[in-house]
Amino acid sequence: GKLSLPQLKVGFHLKAAMKRLGCEGKDFPSPYWDLGVAFWLIDPDLKNYEPEFVSEKFLKRDWKNAREDVEALYKWSNAKLYNGGKRILEEIEMPLLRVLAEIEENGISVSRNILEALERRIEATLSELRERIFREAGGEFNINSPKQLAEVISKRLSPQEERGAKRTPGGQFSTNAESLAALKEKLPFAGLTLEYRDGFKIQSTYVRPFLELSRVDGKVHTDYVQTGTATGRLSSREPNMQNIPQESVWAKELRSAFVPAPSFLFLAFDYSQIELRVMAALSEDPEMTAAFEKGLDIHQATAAKVFDVPLDRVAPPMRRLAKTLNFGLI
C-alpha cells in the first residue's frame with residue numbers, strides 16, 4: 001500500500017505544544033516548521049519573534065491567529081530562507097525541539113536543604129552587614145536605593161573629594177561597583193555595601209526563586225529559547241540557568257545545591273578551547289599551533305608570552321587576562 005508521511009506541522013511555540021501534548025500522553029511527530037525559529041534564521045537581530053510582531057513586520061498586516069496567517073507566514077519564510085538556513089532549520093533546529101522539550105520536562109534537581117541553609121546564612125550575613133553599614137554611615141537608609149546611597153556618600157565626602165567623585169549623567173554620585181570600590185578606603189561602608197549587594201543579589205535572584213520553583217517536584221525547570229541570541233547560542237529564562245554566578249563568595253555553595261537525581265550522575269563535557277583551535281588551524285600561526293601540538297594550556301601559554309614569565313609562574317589573574325585577549329582576538 002501507499003506509505004503516508006506525517007504532515008508538516010507549522011506554527012509558533014511548537015516546543016510548548018509538544019510538551020503540552022506529552023503531558024497528555026500524546027505524540028507530536030515530526031516534521032515541524034516553527035515560524036519563530038524560521039524568522040530568527042532570516043533575521044537573527046530582531047529580538048522579537050512573536051506572531052503579532054513578525055506578521056506586522058514581514059506581511060505588513062495584523063495577526064488574526066487564523067490558518068491563512070500561518071500559511072502566509074510559512075510561504076513567506078520558506079521563500080526567503082536561504083538554502084543554508086533551510087538546512088539549519090530542518091536538520092539542526094527542528095530536531096532540537098524534542099531534545100529541549102525533554103530537557104525542560106526533566107528539569108534539574110536541587111537540594112532544598114542546601115538552599116535553605118544558604119538562605120539562612122545569607123540572611124544572617126546581610127543583617128550583620130546592615131548594622132555595620134548604618135553604624136559607619138551614621139544612620140539608616142535603603143541600601144538598595146542608589147539615590148539614598150549617593151546622598152549618604154555626598155554627606156561623608158569633603159568638598160574636594162566630592163569634586164573628584166564619579167557622577168551619573170543626572171549629576172548624582174555614581175554608586176556602581178567600580179565607584180564604590182574606589183571609595184572604600186575613604187568610606188568603609190562603601191566596601192561593605194558591595195558585600196551586601198552581592199549577598200542580596202544571590203538571595204533574591206537565585207536562592208529564593210529556586211526554593212519557590214522547586215517546591216512541587218524538587219526540580220527547577222527552565223525554558224530554553226532558540227531565538228534568544230543572534231549568534232545561535234541558546235538562552236535560558238524563568239529561571240536563567242546559564243548565568244549562575246562564579247565570582248561571588250556564595251557561588252560555590254549555590255552551585256553545590258544542584259544535585260543529580262537519585263541514581264544519576266552529573267557529567268561535564270566541554271570542547272577543549274575549540275574556537276582557538278579553529279583560529280590556529282585557519283591562521284596557521286606557528287606559536288599557537290605548537291602550543292596545541294604540545295598539549296599546552298593556550299591561555300597559560302599566551303599569558304607567559306604577554307607577561308614575559310615562565311609557564312609555571314603564570315598566576316590565575318594573568319591567565320584570566322590572557323583568556324580575554326585570546327577570545328578578543330578572534
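How are helix 6 and helix 10 oriented to each other, roughly parallel or roughly antiparallel? They are roughly antiparallel, and the close-ups below start with that pair. Keep in mind throughout that this is a predicted model.

**View 1. Helix 6 and helix 10 cross at roughly 155°.** The axes of these two helices come within 9 Å. Angles over 145 degrees count as roughly antiparallel, so helix 6 and helix 10 get that label. As for handedness, helix 6 passes helix 10 in a left-handed crossing. Sort the residues of this contact by class and you get 16 nonpolar, three polar and nine charged.

**View 2. R132 sits in helix 6.** With a relative accessibility of 32%, R132 is partly exposed, because that label covers values between 20% and 50%.

**View 3. The largest nonpolar core is built from 38 residues.** Start with I153, F210 and L254, the residues with the most contacts inside this core. Helix 6 (112–137), helix 7 (146–156), helix 9 (177–183) and helix 10 (188–213) are the elements that each give two or more residues to it. Helix 10 provides the largest share, nine residues.

**View 4. F210 has partners from several places along the chain.** Set aside the neighbours within four places in sequence, and F210 is in contact with L115, V220, P239, M241, I244, L254 and F258. One of these partners, L254, is listed along with F210 among the residues with the most contacts inside the largest core.

**View 5. Helix 3 packs against helix 4 at an angle of about 60°.** Helix 3 covers residues 51–59 and helix 4 covers residues 67–80, and their axes are 11 Å apart. That angle makes helix 3 oblique to helix 4. The crossing of helix 3 past helix 4 is left-handed. On the helix 3 side, the residues that meet the partner are V54, S55, F58 and L59; on the helix 4 side they are D69, A72, L73 and W76. By class, this contact divides into six nonpolar residues, one polar and one charged.

**View 6. F292 is a buried residue of helix 13.** Helix 13 runs over residues 286–293. The relative accessibility of F292 is 12%, so F292 counts as buried, the cut-off being under 20%. Beyond its neighbours within four places in sequence, F292 is in contact with Q273, L276, R277, A280 and I298. For a sense of scale, L211 is 81 residues from F292 in sequence, and the two C-alpha atoms are 44 Å apart in space.

**View 7. N326 is buried in helix 15.** This helix spans residues 316–329. N326 has a relative accessible area of 6%. Leaving aside neighbours within four places in sequence, the residues in contact with N326 are L276, I298, H299 and T302. Two of those names, L276 and I298, also turn up among the contacts of F292 in the previous view.

Notes:
Residues numbered from 1 in each chain as written. Predicted model: local features only at pLDDT ≥ 70, side-chain atom pairs only at ≥ 80, totals over all residues. Heavy atoms only, no water. Core = buried A, V, L, I, M, F, W, Y, C linked by side-chain atoms within 4.5 Å. Buried < 20%, exposed > 50% of the residue type's maximum accessible area, 1.4 Å probe, protein only. Helix = DSSP H or I, 4+ residues; strand = E, 2+ residues; numbered from the N terminus. Contact = heavy atoms within 4.5 Å. Axes fitted to C-alpha atoms, helices over the stretch in contact; angles between N-to-C directions. Parallel < 35°, antiparallel > 145°, perpendicular 65-115°, else oblique. Left-handed = near helix turned anticlockwise from the far one by under 90°. Nonpolar A, V, L, I, M, F, W, Y, C, P; charged D, E, K, R; others polar.
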